[in-house]
Amino acid sequence: MNRSKTSRLPEPPADELAHSERLLQHLRETIASHGPIPFSQYMERCLYAPGLGYYSAGKTKFGEAGDFVTAPELGSLFARCVIQVVQPVLGMLGDEADFLELGGGSGAFAEAALLAMAENGVLPHRYLILEPSADLRERQRERLAAALSSDVMARVVWIDRPPEASWRGVLFANEVIDALPTTRFVMRHGEVYEEYVALDGEARLLRVDRPADALVAGAVRHVERDLGREFEDGYRSEILPQLPYWMQAVAGSLEAGLMLFIDYGYVRREFYLPERQDGTLMAHYRHRAHSDPLFLPGLNDLTASVDFTALAEACNSAGFSVAGYLPQAQFLIAAGLQDVFERAYDAAPDDVARYNLAQQVKKLTLPDQMGERFQAMLLARGMPALPLPVELLEADQGDRL
Ligand SMILES: C[S@@+](CC[C@H](N)C(=O)[O-])C[C@H]1O[C@@H](n2cnc3c(N)ncnc32)[C@H](O)[C@@H]1O
């Protein structure tokens with residue numbers, strides 16, 4: 001572990017250190033018996049190992065007390081804007097249309113979205129939540145049961161895998177693609193290498209590079225061809241070679257409807273800037289970002305920015321067309337943020353609530369906060385007409401992909 005990168009981080013309490021040590025032991029055993037593991041597998045273990053991973057164990061992650069704040073955690077404005085955009089689509093698809101949320105986190109989005117939909121009198125047939133973490137699923141269930149009436153709650157269904165039968169509706173994911181275990185690659189003498197996690201002589205984790213297999217090398221070469229240039233020796237970054245397969249698995253059965261992905265990231269030529277020599281991988285611990293993914297495994301969130309061009313390609317190959325791509329601020333404004341804010345402001349009980357609403361708007365939209373770092377991508381399939389706000393279509397930057 002590189003202490004210089006992490007020395008300014010708060011010291012975790014003893015129980016958290018013990019928790020990380022258990023995951024570390026599990027990783028050491030895996031590497032000792034199978035050899036070095038690809039970085040993507042290391043990240044997958046760190047985030048999702050049952051009972052041990054960051055998302056699978058009962059540690060607070062979301063909100064002020066956690067490690068990071070997502071847009072739905074700030075308050076209900078974000079979810080209300082999303083609902084303004086998707087509700088006409090659900091209406092057009094009819095009574096059988098479902099809403100599928102991937103990676104529900106603390107349940108904040110589902111709560112605000114379902115309350116907004118219930119207020120508007122247009123509920124989806126079912127509100128499906130695909131959440132791989134058993135711990136988070138439990139937290140979502142408790143939160144929604146406390147907040148929703150029993151008839152609204154009756155529409156919420158947790159699913160273990162994507163729907164197999166064809167369905168119609170809306171698929172939504174906020175900050176899920178950035179949490180998918182990423183492959184790291186590096187160029188050496190013109191060849192593609194993949195980053196692995198190994199053990200040194202004292203059983204400490206270390207990162208090593210090995211020649212990439214055909215899947216990873218092919219994905220990197222595809223990016224080079226698309227950029228029209230080769231990566232320089234020593235250039236290191238992330239790539240999701242599995243993304244088209246993941247997308248097919250997740251969205252393949254959505255025969256008619258809209259998908260909306262919101263995440264931080266860039267179009268491909270901005271993602272793979274020549275000067276971004278070490279990719280976009282970040283670890284988050286208690287609201288501090290650092291760059292050592294081997295530091296205290298299991299206690300840090302690990303994320304990589306999204307290559308939205310790759311996301312569009314994966315969705316295209318699963319049969320979807322891009323219907324819109326724009327920064328979060330412009331998406332929310334086009335979705336009617338002004339109206340949503342004014343209604344909430346008028347209904348707010350006191351000055352503190354009004355101040356919080358104004359803060360929410362700033363965090364969601366200011367360029368140096370979430371406004372421009374986050375992008376919204378809308379994709380459609382099987383929709384002869386798509387009832388999206390004109391402002392949204394006017395602000396579309398899909399030609400940059
Ligand atoms: C950074 S959190 C975002 C949570 C929530 N959407 C929000 O904005 O607050 C990532 C979420 O994605 C979930 N997740 C990770 N991999 C997933 C997958 N393959 N399918 C669905 N959800 C996934 C995690 O368990 C977690 O709930």
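How many nonpolar, polar and charged residues does the shell around the ligand have?

Modeller: Bear in mind that this is a predicted model. By class, the shell has eleven nonpolar residues, six polar ones and three charged ones. That shell is made up of 20 residues, and the closest to the ligand are Thr70, Gly103, Gly105, Asn174 and Glu175.

Helix H6 covers residues 108-120, which is 13 residues. From its first C-alpha to its last it reaches 19 Å, close to the 18 Å expected at 1.5 Å a residue. Its buried residues are Ala108, Phe109, Ala110, Glu111, Ala112, Ala113, Leu114 and Met117. Glu111, then, is a buried residue of H6. After H6 comes glycine 121, with a positive phi near 70 degrees.

Next, helix H7, which runs over residues 134-147 and has alanine 134 in it. Alanine 134 counts as partly exposed because 16 other C-beta atoms lie within 10 Å, and the buried label needs 20 or more. Methionine 383 is 249 residues from alanine 134 along the chain, and their C-alpha atoms are separated by 34 Å.

Now for phenylalanine 68, which sits in the loop between helix H3 (39-48) and helix H4 (71-74). Phenylalanine 68 is also partly exposed, because it has 18 C-beta neighbours inside 10 Å. If you leave aside its neighbours within four places in sequence, phenylalanine 68 is in contact with His284, His287 and Asp301. Its C-alpha is 31 Å from that of glycine 252, a residue 184 positions away along the chain.

The domain assignment gives domain 1 as 3-49 + 180-240 + 272-296 and domain 2 as 71-173 + 246-267 + 306-400. The centres of domain 1 and domain 2, taken over C-alpha atoms, are 30 Å apart.

As for overall dimensions, the C-alpha atoms fill a box of roughly 65 × 50 × 40 Å along the principal axes. The radius of gyration is 21 Å, which agrees with a compact globule of 401 residues, since that would come out near 21 Å. Of those 401 residues, 43% count as buried. Among contacts with a separation of 6 or more, 80% come from residues 24 or more positions apart.

Conventions:
Residues are numbered from 1 along each chain as its sequence is written. This is a predicted model: local features need pLDDT of at least 70, side-chain atom pairs count only at pLDDT 80 or more; totals for chains, interfaces and linings use all residues. Helices (H or I, at least four residues) and strands (E, at least two) are DSSP runs, numbered from the N terminus. A residue is buried if 20 or more other C-beta atoms lie within 10 Å of its own, exposed if 12 or fewer, and partly exposed in between; C-beta atoms are placed from the backbone. A residue is near a molecule or strand if its C-beta atom, placed from the backbone, lies within 6 Å of it. Ala, Val, Leu, Ile, Met, Phe, Trp, Tyr, Cys and Pro count as nonpolar, Asp, Glu, Lys and Arg as charged, and the others, Gly among them, as polar. The expected span of a helix is 1.5 Å times one less than its number of residues. The radius of gyration is taken over C-alpha atoms; the globule rule is 2.2 Å times the number of residues to the power 0.38. Two residues are in contact if their C-beta atoms, placed from the backbone, lie within 7 Å. Domain bounds come from an automatic or database domain assignment.
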